[in-house]
Amino acid sequence: MPSQIKPTDRIFVALDTTDIELAVSLAQHLAGLVGGVKMGKEFLTAFGPDGVRRVSACGMPVFLDTKFHDIPNTVASAIRAALPLQPFMINIHASGGRAMMEAARDAVLEAESPRPLLIAVTVLTSLSDQDLDEIGLKGPSQDRVVALAKLTQSCGLDGVVCSPLEIAAVRQACGPDFKLVVPGIRPTWAAAGDQKRIMTPRQAVDLGADYLVIGRPITGADDPVAAAKKIAEELA
Ligand code: C5P
């Protein structure tokens with residue numbers, strides 16, 4: 001049963017670029033048509049808080065894909081430093097452990113209302129079961145994802161990032177209110193590119209995704225506005 005979020009609000013467009021003018025132009029054109037934009041390490045390292053402010057000035061809610069992973073005090077301080085940007089959503093790595101996640105949660109709770117959603121990355125989808133073995137984590141990866149999602153929930157965070165193929169298992173383990181943020185989304189009419197474990201927007205939402213992170217199917221389209229509208233229609 002899909003959560004009650006407006007179809008357009010589910011879509012977060014990944015601004016994976018070091019071209020600030022392109023990022024601002026996309027944000028201007030997509031404002032009101034999608035739920036927001038996601039800025040990750042590439043954008044944040046290149047443009048920092050000023051870049052985020054320029055994009056959010058277009059009226060776009062912002063998902064700061066910071067993926068913090070450090071000692072609890074440092075992560076909590078970094079979250080506090082991000083709060084003036086008033087992100088809609090911010091993330092950390094669940095593998096940083098309970099103390100780190102709880103410190104991040106406490107920092108987020110200091111935000112003015114509405115506070116950002118605090119989301120954890122479980123297992124990077126780029127890691128195979130063999131990679132997990134090499135870093136001392138026992139596979140299969142889906143078991144690790146579910147275990148880390150449960151830990152995330154018990155630390156009081158709002159949800160996790162997961163691949164389309166993990167939606168059903170995490171939803172079942174963590175219940176209806178835990179937010180699932182899902183990249184690897186491809187409409188039938190878009191190229192898969194380097195994404196391997198893909199699903200259409202409709203399939204992902206029907207399985208229980210709350211927010212969809214979509215990059216190239218929108219940003220790489222000849223007409224990004226038309227592509228965003230088409231995806232929203234498919235979700236309606
Ligand atoms: O262009 P595309 O739709 O593949 O972009 C997906 C976005 O989601 C990128 O910013 C990518 O870094 C991010 N992401 C992902 N898979 C993950 C975590 C994040 O594709 N497991």
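View 1. Arginine 80 counts as partly exposed, at 36% relative accessibility; partly exposed lies between buried, which is under 20% relative accessible area, and exposed, which is over 50% (1.4 Å probe, protein chains only). The structure shown is a predicted model, in which local features need pLDDT of at least 70 and side-chain atom pairs count only at pLDDT 80 or more, while totals for chains, interfaces and linings use all residues. Residues are numbered from 1 along each chain as its sequence is written, and side-chain values use heavy atoms, with hydrogens and water left out. Arginine 80 forms a salt bridge with glutamate 110, and the closest N and O atoms are 2.8 Å apart. The pair links distant parts of the chain, 30 residues apart: arginine 80 belongs to helix 3 (residues 72–82), and glutamate 110 to the loop between helix 4 and strand 5 (117–121). Glutamate 110 is also partly exposed, with a relative accessible area of 49%. A salt bridge here is a side-chain nitrogen of Lys or Arg within 4 Å of a carboxyl oxygen of Asp or Glu. Helices (H or I, at least four residues) and strands (E, at least two) are DSSP runs, numbered from the N terminus.

**View 2. The salt bridge of arginine 105 and aspartate 106.** The side chains of arginine 105 and aspartate 106 meet in a salt bridge with an N to O distance of 3.0 Å. Arginine 105 is partly exposed, with a relative accessible area of 23%. Aspartate 106 likewise counts as partly exposed, at 37% relative accessibility.

**View 3. Arginine 171 and aspartate 210, a buried pair.** A salt bridge joins arginine 171 to aspartate 210, the closest N and O atoms being 2.8 Å apart. Arginine 171 lies in helix 7 (residues 167–174) and aspartate 210 in the loop between helix 8 (201–207) and strand 8 (211–214), so the pair ties together parts that are 39 residues apart in sequence. Both arginine 171 and aspartate 210 are buried.

**View 4. Methionine 101 and its contacts.** Methionine 101 is found in helix 4 (residues 98–108). With a relative accessible area of 0%, methionine 101 is buried. Leaving aside residues up to four places away in sequence, methionine 101 touches Ile92, Ala94, Leu118, Ala120, Leu151, Thr152, Cys155 and Leu157; contact means heavy atoms within 4.5 Å. Phenylalanine 68 is 33 residues from methionine 101 in sequence and 10.0 Å from it in space, C-alpha to C-alpha.
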